[in-house]
Amino acid sequence: MHQKERAIAPILEQELGIKVIVPLDFDTDCFGTFTREVKRLGTQLEAARLKAEKAMADPSQCMYCNP
């Protein structure tokens with residue numbers, strides 16, 4: 001969505017052998033935005049943890065973005 005993977009993916013692939021794949025519908029803005037257009041529930045660290053959990057989970061089962 002914000003294409004941050006373009007910056008981090010090459011490093012992860014080179015250093016850890018991890019292939020980064022971002023689904024087209026992957027949306028972390030549901031956890032809040034830096035501009036506060038979408039209010040964050042909890043702290044920055046809590047939001048980061050939820051984003052990481054979402055990335056590792058089946059996106060169709062995400063209770064935060066698919067209520």
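Visitor: Which are the buried residues of H2?

Guide: This is a predicted model, and a residue is called buried when its relative accessible area is under 20%. In H2 the buried residues are Ala-47, Leu-50 and Lys-54. They cover an arc of only 60° around the axis, which puts them on the same side of H2.

Visitor: Which exposed residues does the face of H2 turned away from its buried side carry?

Guide: That face carries Leu-45, Arg-49, Ala-55 and Met-56, which are exposed.

Visitor: What span should the 13 residues of helix H2 have, at 1.5 Å a residue?

Guide: Helix H2, residues 44-56, should span 18 Å, and because its end C-alpha atoms are 19 Å apart, the two values agree.

Visitor: How much space lies in the largest pocket?

Guide: Rolling a probe the size of a water molecule over the atoms shows where empty space is left. In this structure, the largest pocket holds about 630 Å³ of space. Its lining is made up of 22 residues, and those nearest the centre of the pocket are Glu-5, Val-22, Phe-26, Thr-28 and Ala-55. By class, 14 residues of the lining are nonpolar, three are polar and five are charged.

Visitor: Where does the largest share of that lining come from?

Guide: H2 gives the largest share, five residues, while helix H1 (5-16) and H2 each supply at least two residues of the lining.

Notes: Residues are numbered from 1 along each chain as its sequence is written. This is a predicted model: local features need pLDDT of at least 70, side-chain atom pairs count only at pLDDT 80 or more; totals for chains, interfaces and linings use all residues. Side-chain values use heavy atoms; hydrogens and water are left out. Helices (H or I, at least four residues) and strands (E, at least two) are DSSP runs, numbered from the N terminus. The expected span of a helix is 1.5 Å times one less than its number of residues. Buried means under 20% relative accessible area, exposed over 50%, partly exposed in between (1.4 Å probe, protein chains only). The arc is that of the directions from the helix axis to the C-beta atoms. On a 1 Å grid over the protein atoms alone, a cavity is a set of points where a 1.4 Å probe fits but cannot get out, and a pocket is an open set with protein on both sides within 12 Å along at least five of seven lines; lining residues have an atom within 4 Å of a point. Grid points are joined across faces, edges and corners, and a volume is the space filled by probe spheres set on the points. Ala, Val, Leu, Ile, Met, Phe, Trp, Tyr, Cys and Pro count as nonpolar, Asp, Glu, Lys and Arg as charged, and the others, Gly among them, as polar.
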